[in-house]
Amino acid sequence: MPAPQSGNRTKEKRYRVKEIFYTLQGEGAQAGRPSVFCRFSKCNLWNGREDSRAASICDFCDTDFVGTDGQLGGQYSAEALARQIADLWPGATGNKVAKPYVVCTGGEPLLQLDEPLIDALHQQGFEVAVETNGTLPAPAGIDWICLSPKGKSEIDLIRCDELKLVYPQPDAMPERFDYIEADHRYLQPMADYQPVVFASDKGLDAQLEGAKEGLSKTNTQKAVDFCLKHPEWKLSLQTHKMLGIE
Ligand SMILES: C[S@@+](CC[C@H](N)C(=O)[O-])C[C@H]1O[C@@H](n2cnc3c(N)ncnc32)[C@H](O)[C@@H]1O
Ligand SMILES: Nc1nc2[nH]cc(C(=O)O)c2c(=O)[nH]1
Ligand code: SF4
Ligand SMILES: [Mg+2]
């Protein structure tokens with residue numbers, strides 16, 4: 001059987017990545033967990049340009065996901081991306097071996113994350129988590145799904161590990177998602193658009209103090225009040241912004 005002509009050899013898929021970085025998960029049920037973050041480019045609810053933010057379905061995004069110019073950003077094959085992510089995981093330390101953990105985020109990761117990449121990450125020994133707006137079907141094999149609904153957008157997923165709702169969103173109030181099956185339900189106060197980082201050299205408490213100023217106080221207070229009234233909801237704070245880590 002002749003080898004396929006170069007013209008019709010299937011081109012290997014390239015994943016467009018904004019940045020890859022090692023940090024602590026700052027949000028939700030896994031907050032504090034060492035994680036490699038892989039931020040995919042592009043989103044389906046906003047094009048990432050400020051001049052179209054107001055007209056977009058998701059108009060409060062705190063993230064720059066445009067292009068591939070961030071740290072370790074670029075266009076990767078599945079194998080190369082899984083290897084690059086694995087390279088950021090610290091070698092085994094002591095006799096306790098922690099399960100390597102990657103958070104696929106973005107932009108909207110489910111525009112690109114697929115089974116071949118999930119398999120490649122599993123082959124590198126990673127547990128695979130995703131932060132998604134829930135508007136696209138999830139490929140098989142994801143180990144942890146964090147679903148974060150946005151505005152009027154239709155949610156495709158009906159089951160997730162954690163539902164993390166930025167609050168308050170007039171078009172996405174908590175009761176609208178009662179039908180979603182989730183092991184954890186979080187409200188996350190809507191923060192200022194720019195990732196707010198407190199790079200003060202004072203003690204942590206000063207930074208945390210600063211964080212109270214920096215986070216939109218009323219949204220935080222509203223989220224606290226809602227959780228106290230509806231104890232099935234917990235509070236998620238973006239701790240990485242308080243700590244001044246990525
Ligand atoms: C930048 S998004 C990327 C992943 C996915 N597109 C999504 O929206 O879930 C990552 C997380 O940040 C949250 N987020 C984005 N902007 C925020 C803001 N201004 N305040 C609080 N959380 C925000 C999102 O809800 C999501 O949980
Ligand atoms: N430390 C840290 N935790 C995070 N949790 C979700 C994030 C995101 O942008 O997807 C994020 C992030 O950007 N940094
Ligand atoms: S928060 Fe998520 S869904 Fe909203 S614009 Fe940012 S990346 Fe897209
Ligand atoms: Mg972020």
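This is a predicted model: local features need pLDDT of at least 70, side-chain atom pairs count only at pLDDT 80 or more; totals for chains, interfaces and linings use all residues.
Figure 1. Together with L24 and L243, I245 makes a nonpolar surface patch of about 190 Å².

Figure 2. The largest nonpolar core of the model contains 48 residues. Within this core, the residues with the most contacts are L81, I85 and L121. Helix α1, formed by residues 78–87, gives the most to the core, with five residues. Apart from this core lies another one, made of five residues, including L45, F60, V166 and M190. In soluble globular proteins, nonpolar side chains tend to be buried together.

**Figure 3. Surroundings of L121.** Leaving aside residues up to four places away in sequence, L121 touches A82, I85, V102, C104, F126 and V128. L121 and I85 are both among the residues with the most contacts inside the largest nonpolar core. V102 and C104 point one way from strand β4, and V102 stands opposite V128 in strand β5.

Figure 4. Nine strands form an open sheet with mixed pairing, in the order β3-β1-β2-β4-β5-β6-β7-β8-β9. The edge strands, each of which pairs on one side only, are β3 (residues 74–76) and β9 (residues 234–235). Strands of a sheet pair through backbone hydrogen bonds, either parallel or antiparallel.

**Figure 5. Strands β7, β8 and β9.** Strand β7, residues 159–167, pairs with β8 in the parallel sense over eight bridges. In this pairing, L163 stands opposite R185 in β8. Strand β8, residues 181–189, also pairs with β9 in the parallel sense, over two bridges. The bridge partner of Y186 in β9 is K234, and that of L187 is L235.

Figure 6. Strand β4 is mostly covered, five of its five residues being buried. Y101, V103 and T105 point one way from the strand, while V102 and C104 point the other way. In a regular strand the side chains alternate between the two faces of the sheet. Strands β2 and β4 pair in the parallel sense over four bridges, and F37 stands opposite V103 in β4. The pairing of β4 with β5 (residues 127–132) is likewise parallel and runs over four bridges.

**Figure 7. The salt bridge between K13 and D114.** A search of the whole structure finds 14 salt bridges. In the one formed by K13 and D114, the closest N and O atoms are 3.0 Å apart. The pair links distant parts of the chain: K13 belongs to the segment before β1 (residues 15–24), and D114 to the loop between β4 (residues 101–105) and α2 (residues 115–123), 101 residues apart. K13 is partly exposed, at 37% relative accessibility, whereas D114 is buried, with a relative accessible area of 17%. Side chains of opposite charge can pair when their charged atoms come close.

**Figure 8. The salt bridge between R39 and E19.** The side chains of R39 and E19 meet in a salt bridge, with an N to O distance of 2.5 Å. R39 lies in strand β2, residues 34–40, and E19 in strand β1, so that the pair links parts of the chain 20 residues apart. R39 counts as buried, because its relative accessibility of 12% is under the limit of 20%. E19 also counts as buried, at 15%.

Figure 9. D62 and K241 meet through their side chains in a salt bridge of 2.8 Å, N to O. Because D62 lies in the loop between β2 and β3 and K241 in helix α5, the pair ties together parts that are 179 residues apart in sequence. K241 is buried, with a relative accessible area of 6%. Elsewhere in the list of charged residues, K18, D64 and D69 are linked in a network of salt bridges.

Terms used
Residues are numbered from 1 along each chain as its sequence is written. Chains are lettered from A and ligands numbered from 1 in the order in which they are written. Side-chain values use heavy atoms; hydrogens and water are left out. Patches are made of residues with over 30% relative accessible area and no salt bridge: like charges are joined within 9 Å, nonpolar side chains (Val, Leu, Ile, Met, Phe, Trp, Tyr) within 5 Å. Accessible areas come from the Shrake-Rupley method with a 1.4 Å probe; for residues, only the protein chains shown count as cover. A salt bridge is a side-chain nitrogen of Lys or Arg within 4 Å of a carboxyl oxygen of Asp or Glu. A nonpolar core is a set of buried Ala, Val, Leu, Ile, Met, Phe, Trp, Tyr and Cys residues joined through side-chain atoms within 4.5 Å. Buried means under 20% relative accessible area, exposed over 50%, partly exposed in between (1.4 Å probe, protein chains only). Contact means heavy atoms within 4.5 Å. Two strands pair if DSSP finds at least two bridges between them.
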